[in-house]
Amino acid sequence: MQRIAVVPGSFDPVTRGHLDVIARAAGLYDELHVVVVHNPDKSALLPIAQRVALIEQSIADAGIEGRIVVAAWSMGLLVDYCTDVGASVLVKGIRSQLDVAYETPMAIVNRHLAGVETVFLLPDPANAHVSSSLVRQVASLGGDVAPYVPAAVADYLKVAMTP
């Protein structure tokens, strides 16, 4: 039986921390789906199709190996996507106690709804302070985001954020 997992997120934009979680999860599962989900509570900087393209490019540039599928999901519950692709695990990166408090109720509900377990991966300490919202803020103010994001994302944001 294949072990299939899903790494969900808004990835707006994908960061080095996200890539770290993706790389480690790819080594743990036979197939990994990186799923860009629409979060109605967040105002997105990048269109979903652009996020998917940047994730694919960043995974390729980083040389992350494994059976990795990058997709978008905006209709229905995330566990519906898991069921559709045969995934039994969600993988979430956890940076702090705030993330644990936010993710735990969702993990419990996902297990109750569809039997999908959630695995929390701690970040590499070098990336523990990085979030997509921090990157968006720094980029919007003209700061250098290259230390926090893959090169493809830094290049894209440099052009996209130029007035």
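**View 1. A salt bridge joins R24 and D20 in this predicted model.** R24 is partly exposed, at 32% relative accessibility, whereas D20 is buried at 18%.

**View 2. E103 and K92 form a salt bridge.** Their side chains meet at 2.5 Å, N to O. E103 is in helix α4 and K92 in strand β4 (residues 89-93), so the pair ties together parts that are 11 residues apart in sequence. E103 is buried, with a relative accessible area of 13%, and K92 is buried as well, at 11%.

**View 3. D99 pairs with R95.** The closest N and O atoms of this salt bridge are 3.4 Å apart. D99 is part of helix α4 (residues 97-114). With 16% relative accessible area, D99 is buried, while R95 is partly exposed at 40%. Beyond its neighbours within four places in sequence, D99 is in contact with G93 and I94.

**View 4. Strands β2 and β3 pair in the parallel sense.** Strand β2 (residues 31-37) and strand β3 (residues 67-73) share 7 bridges. L32 stands opposite I68 in β3. From β2 the chain passes through helix α2 (residues 48-62) to β3 in a right-handed β-α-β crossover.

**View 5. L77, V109 and L113 make up a nonpolar surface patch.** Together they have about 270 Å² of accessible area. L77 lies in the loop between β3 and α3 (78-85) and is partly exposed, with 47% relative accessible area.

Methods. Residues are numbered from 1 along each chain as its sequence is written. This is a predicted model: local features need pLDDT of at least 70, side-chain atom pairs count only at pLDDT 80 or more; totals for chains, interfaces and linings use all residues. Side-chain values use heavy atoms; hydrogens and water are left out. Two strands pair if DSSP finds at least two bridges between them. Helices (H or I, at least four residues) and strands (E, at least two) are DSSP runs, numbered from the N terminus. A crossover is right-handed if, with the strands pointing away from the viewer, the path from the first strand over the helix to the second runs clockwise. Contact means heavy atoms within 4.5 Å. Patches are made of residues with over 30% relative accessible area and no salt bridge: like charges are joined within 9 Å, nonpolar side chains (Val, Leu, Ile, Met, Phe, Trp, Tyr) within 5 Å. Accessible areas come from the Shrake-Rupley method with a 1.4 Å probe; for residues, only the protein chains shown count as cover. A salt bridge is a side-chain nitrogen of Lys or Arg within 4 Å of a carboxyl oxygen of Asp or Glu. Buried means under 20% relative accessible area, exposed over 50%, partly exposed in between (1.4 Å probe, protein chains only).
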